[in-house]
Amino acid sequence: MVNPILLIAVPLAFAFSIPLFGLISKRAGRFIPPVAMLFNLVLSIILIPDVLESPVSVFLSGFPPPFGINLYVGPLGILFSAVIALVGFLVSIYALDYIKEGAEEKYHMLYLALLTGATGVVLTGDIFNLFVFFEILCISSYGLVGYLGNKAGVESAVKYLIQGSVGSAFNLIGIALIYGQFGTLNMADIAANINSVSPNQLFIPLVLFIVGFGIEGAIFPLNAWLPDAHSSAPSTISAVLSGIAIETGVYAIARVTFTIFGASDILLFLVLLGLLTLLAGELSAFSQNNIKRMLAYSSIGQMGLILFALGIGTDYGIAGGLFQFINHALSKALIFLATGYMIYRMGSMEISSLEGIGKKMPVSSLCFTVGAFSLIGLPPFAGFPSKFMIVLSALEKHSNLFIVFIGIVFLGTVIEATYFFKVIQVLYFKGAPAGVPAEKKTEISPAQETIKDRGVITGAPIAALIPMIILALLIILIGVYPKAVDEILNASSIELLDRVKYIQGVLR
Amino acid sequence: MNLAQLILISLCGAFLTYLLGKASSRIRDTFAVFISLLLIIPLFCLYGKNEEITYYSFLGLPLILKITPLSWLFAIAVQTITSLSVIFSLSYMKGKERLDFYYLMLLLVNTGMLGIVLSADLISFYIFWEIMSWSTFLLISYNRGPALHAGMKYIVMSIIGSASMIIGILSLYVNCGSLDFVQIASFIPRTSSGYTLFILILFCITFGIKNAIAPFHTWLPDAHSEAPSPFSAVLSGVLIKMGTYGFILFMYTIAGLNIIINIGGGSFHYLISILAAITIIFPTFIAVLQDDAKRLLAWSSIAQVGYIILGIAIGTGLGFVGGVFHFFNHAAFKALLFLSVGAVEYRTGTRDLNSLGGLIKKMPITFFCALIGVFGLIGMPLTNGFVSKWLIYKALILGEHPFLAFIALFGTWGTIIYSYKLIHNIFLGQLPEKFSNVRKAPVTMRIPVIFLSLVVVVFGILPGIPLKIIDTISASFGFQPQDIQIWGIASETGVLNMVNIFAAIFAALIFVWLLFLMGRKKINIAQDDSYAAGAYVPKDKYNYTVDFYKPLSGMIKPYLRDFVDDFYLWLADVIRTFSDKTRKIYCGDLGYYISYIVLFLAVLIVLKMGLKIW
Amino acid sequence: MVINILEIIISPVLAFIIGIFFMGLFRKITARLHWRYGPPVIQPFLDLIKLFHQQGFSHGPVFDLGIIMALAGSIVLILFIPFGGICPISNSGGLLVIIYIMLFAPLGIALSGGEAANPNISIGISRKLILALGYEVSFLLALLALMTYYNTISLVDIVEAQDNYKWALFSPLALSGIAYFIIMPAMLGIRPFDIAGAPQEISTGPAIEYGGKYLGLFNIWHALSMFVYIALFVDLFLGGGSNPLTFFIKMLVVFILLTFIHGVFPRFRIEQAIKYLWKWPVIISLSGLILITVIR
């Protein structure tokens, strides 16, 4: 059996070796992330059958937990690492052509670091390590948001940095409090002893964790950094931020609340928070004219939906929420990638400037449509089974309150559908006659602005099309055949709910 | 060929059409016609069969297709109208942009509709329903310009309907444990009537929206008038009838006749009937005010759907048979009218009733077919529309709903008013100079139109053919079987013998014609000779089309604004304003952002410590 | 069978004779009311013979077809209306069929006139259809009251139910009967409702392009429709007739009353007519229908 530690070690090593490769050839650096991520992807997939059989707990430095640092590769972890690797791999292929200018090497290095951080977060079994990997993720993303070096990018990176740091500080305080109370940092160990401390004393660290991770997880009202950061980052980074980074934040919340705190009494709070986030995100996106900001707000809404699903607290509900994780990672990444070249070709992020692009960039537009349909939850795309599961589990509560909640969720869906369909109409049916160059808007594009000739608008290059097509096919495949992810989703939701098993798995 | 293969062929046919279009437009056109006509044959062969197939398992739920007499009838109607629409499209759409996409979506809509009527479990029903909804959206938006607004209106209402439906479906699943129609049908009688009502209302919202029952009708006038004409025919002919199918399915297959009649003390089906009556009366008179031919037909569709629902909801066998037959008839004559108007639009480039006129000289076949369609719409004897309306009226009168019957009958007079306006302003009156070079419609446009006219007339004279089928459906739902003969209906409280009526009218026509021949020979003179006594007439100035019913419209216009639509638009505006306000939260000022975080933390702690919320 | 065929032939002929007689009588009585002498009673018949010998002119196939359809519709209608026991094909459909066959005539005239493309005709048709919308409300309410009261849609059954002097006009249906009578001038197109064919305004409207045999057919149609509406009233509210003679006498009484109305009233404008028709007759017939639903 392969050691899962490689999932973290290999990309990290690759990340830091990029400058070395840079010595050989200036172009070599860009090929490193795909290789590393492909490795991760293959490794994750190889590990899945083993992990489903029995979770793997690996400890480093020779001491068994709770004393040593350990990795806990359960179904949830491997699911996330596979998704991260998949999205990371595809986005990095896209980036081969997309990222051409600026500090290219640093981009690739930070990119790999970000993904490594995310993988570490989902695999670690130690709360301090969780914090460390989380910091790796956050700090790389601060850098990447400001990658273009223009005013908007730097400004939003700084804002993101400050808010993220506040969150980190809260997390650290939370960890300190936990350590003070339990004397251990191993999550399983804390979980095992959680009942030895009065609930009141647990409350403060719990709230600190929710707030701290919630900032990265885009929970309302902690998500103010997100629209700026998403819209001013390059599209590849937006895709990864939206598809991976913020989901990792929500993962951390889930892990902390469910596994460590066994938080059955704050479930309703999570549900409410999720609904609030959902509504805030969708409403903000509704009247947005900037496509990337719109997508960013939509991500907020989706995180709300996931939080809602997790808050339902039944295994089916959590499985639905995790399904929505997968769906959102694939779809939102796909949409961001599709819009990447549209924005690049048109030179503007205004939705109105994308008029008639469906004819000039048919594949990108089609991929956008697939992603949008999937996010709305239309069959036969991946969003349908996930939404299906979430709503079903909410109704299984047999409570009128949850019927009202479902009503609110669908209000969000209707709003989401409205703005997505509006964009689809703009792409396909609103158009300047072919051949007329698009009017150049005054707003500065975050993508490389130096391309002179925008007169001829062509489709995206092949390196960009392949990942998009793969993502779109995956979305349809999962939508048509949700059984493909069924087993791992169920195992993951059980992992989150069944704390005893988790504790035993680590401290055996 | 089993049902799953049928759907699969339909689906693959759609995509294959798209791919073939990349190679050659001729092959694509031929193939689209071929595949849509081909599917009629196996569908036809399925008559009377009772086939059921579990074709897939989705999230542990079996997906089932099944053919019942009801679904057979709907499937045949769907496939026929789509085929005719595809044939009509060949010349209508020629030279337009993105035709591969157009045919793909048209055939995809067809697949969706076939899937809906063949589904035997709610989850396949929902999946096909959604596929139909979004592909319809793409087709409605196809024409650009104002079509975009129409498309948005459609899809927003449609999504609301789907949301309502999926809540209903999942709630049923949670409570019943299965989504198979049979299982649910056996579950419903065991549950409380309050819950049944809840489920029924949820589904009525969905189907009401698709069916354009007041107050959910507002998407339809825009969508029908802005969609490409061949698709308008599909839209009005069969697509909105998917709502009708849903109504029948839920009221009679799933809930069952007894429950529908008795639930809420009988108020439920009566309430639906009243809504249907409202749907008849207001749209009929709004249609009178329209100046756009397709918009007029669109409002008329809403009104006619009101008849269908009225017949179905009233809860008697006669009404049910009439309602379902009216669905079938409306599919025929409304598709016919949309296609005719499409042909006129194709040749003249306009569908503005105020600027057309006199086209009978140029497009005689289209005129006669449109006339038959209009007769069907009015319900003139010898057309199928008459028989179905007769059944509905009779059901209402004998069911002692004289006021509903009055509304239905009075709606017919409104129908005459707007139908005559349609025929007069397009085909009769004086021919404006600019249309003096108009040619007759191309042959691929005439074939569907002629075929549909034949359907209207043949089933008007021999209504027994479809009525027999419908009667078996209604009997299977527990209604009293009717005494259906090939020539009409025999019953004690009023007979209808269409063949006799046909013979009488035919004989009278012959007689009068002979009388006509007996008189001195006529001569043909130019249209304006006797009016102007040979003097020059500026034709365009003497064409009485603008504001044809001026005295009437002046009186009724103030009362006939679409207040519901205004309300929805206002609501959308409120949401937009509200969303703008929400967006202000993300003001861009870092100080605020940090204070959000800190405040959030503080609030949580205060709630916990101070108020002991949890 | 033979009797049936005989009836089929006889009833239109009878209707034609009565209708033409009424037309002549109509002109005569009106003239006397106006202190004129008036034409002889058989004048309309003489006119018909003359018209069929004059040359007519046509504007196209629909122009011919429309008028033929209108007249044929009226003839079929007569076959459905019991005339003092003569009712050849009433077993093929009831009142609902009658309501619909009534549409043939106005639609036929409208189509025919439409093809003629004379603005006066278009205006006339527009007015006629609007007027019909006006009186149709009360007409339908009255018919529905009848059908609800007797719980049948068969006209023959309704007539039979009124046997032995149980006339509907002297039953709870009286209100409906009154409403029906009030709207009858509008149905017949006589004053105060001769708006559609107003000779002084739009030169007889729909009839303006007709000459020769076309006008002849138009006049026959007019005579038949006069017969139909009055006969329908007699059947519905005055208990029909046990034999054609009593039926005819009842018709004559109703007809003369209507002619008096025609003789003394001026013409409404179309808006006034609609307002009037949608007010009083509707109130009366609606209360009639409500009464029926309550007492049943």
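Student: How far apart do the C-alpha centres of domain 1 and domain 2 of chain B lie?

Tutor: The two centres are 57 Å apart. Keep in mind that this is a predicted model.

Student: What makes up those two domains of chain B?

Tutor: Domain 1 covers residues 278-548, and domain 2 covers 567-611. The bounds come from an automatic or database domain assignment.

Student: Which pair of chains has the most contacts?

Tutor: Chains B and C do, among the two pairs of chains that touch. Here 59 residues of chain B are in contact with 60 residues of chain C.

Student: Which elements make up the side of chain B that touches chain C?

Tutor: These elements of chain B each give two or more residues: helix 18 (384-398), helix 19 (402-427), strand 5 (496-497), helix 22 (498-518), strand 6 (523-524), helix 23 (529-532) and helix 24 (550-556). Helix 22 of chain B gives the largest share, 11 residues. By class, this side has 41 nonpolar, 13 polar and five charged residues.

Student: How do you know that strand 6 of chain B and strand 1 of chain C pair?

Tutor: Pairing needs at least two bridges between the strands. Strand 6 of chain B and strand 1 (residues 57-58) of chain C have two bridges, in the parallel sense. They therefore count as paired.

Student: Which residue of strand 1 of chain C does B:Asn524 stand opposite?

Tutor: B:Asn524 stands opposite C:Ser58.

Student: How many residues of chain B are in contact with chain A?

Tutor: There are 44, in contact with 43 residues of chain A. The elements of chain B that give two or more residues to this side are helix 6 (122-140), helix 7 (146-176), helix 25 (563-583) and helix 26 (590-611). Helix 7 of chain B has the largest share, 14 residues. The residues of this side divide into 33 nonpolar, five polar and six charged.

Student: How far apart are the closest C-alpha atoms of chain A and chain C?

Tutor: They lie 40 Å apart, and no contact joins the two chains.

Student: Why is chain A called as compact as a globular protein of its length?

Tutor: Start with the make-up of the chain: 20 helices and two strands. The globule rule gives 23 Å for its 508 residues. The radius of gyration is 22 Å, close to that value, so chain A is as compact as a globular protein of that length. Its C-alpha atoms fill a box of roughly 70 × 60 × 40 Å along the principal axes. Of the 508 residues, 65% count as buried.

Student: What share of the contacts in chain A with a separation of 6 or more do residues 24 or more positions apart account for?

Tutor: They account for 81% of them.

Student: How does the radius of gyration of chain C agree with that of a compact globule?

Tutor: A compact globule of 296 residues would have a radius of gyration near 19 Å. Chain C has 19 Å, which agrees. Its C-alpha trace spans about 55 × 50 × 40 Å along the principal axes. Buried residues make up 62% of the chain.

Student: What elements does chain C have?

Tutor: Chain C has 13 helices and one strand. From the N terminus, the order is α-α-β-α-α-α-α-α-α-α-α-α-α-α.

Student: Why is helix 16 of chain B said to be largely enclosed by the rest of the structure?

Tutor: A residue is buried if 20 or more other C-beta atoms lie within 10 Å of its own. In helix 16 of chain B, 28 of the 32 residues are buried, so the helix is largely enclosed.

Student: What span does helix 16 (residues 317-348) of chain B reach, and what is expected?

Tutor: The helix reaches 45 Å from its first C-alpha to its last, close to the 46 Å expected at 1.5 Å a residue. B:Gly349 follows, with a positive phi near 80°.

Student: How does the span of helix 14 of chain B agree with its 22 residues?

Tutor: Helix 14 (residues 267-288) should span 32 Å at 1.5 Å a residue. Its end C-alpha atoms are 32 Å apart, which agrees. In this helix of chain B, 16 of the 22 residues are buried, so the rest of the structure largely encloses it.

Student: Why is B:Ser186 called partly exposed?

Tutor: Buried needs 20 or more other C-beta atoms within 10 Å, and exposed means 12 or fewer. B:Ser186 has 14, so it is partly exposed. This residue is found in helix 8 (residues 181-187) of chain B.

Student: How far apart are B:Ser186 and B:Ala255 in sequence and in space?

Tutor: They are 69 residues apart in sequence, and 8.7 Å apart in space, C-alpha to C-alpha.

Key. Residues numbered from 1 in each chain as written. Chains lettered and ligands numbered in written order. Predicted model: local features only at pLDDT ≥ 70, side-chain atom pairs only at ≥ 80, totals over all residues. Contact = placed C-beta atoms within 7 Å. Helix = DSSP H or I, 4+ residues; strand = E, 2+ residues; numbered from the N terminus. Nonpolar A, V, L, I, M, F, W, Y, C, P; charged D, E, K, R; others polar. Expected span 1.5 Å × (residues − 1). Rg over C-alpha atoms; globule rule 2.2 N^0.38 Å.
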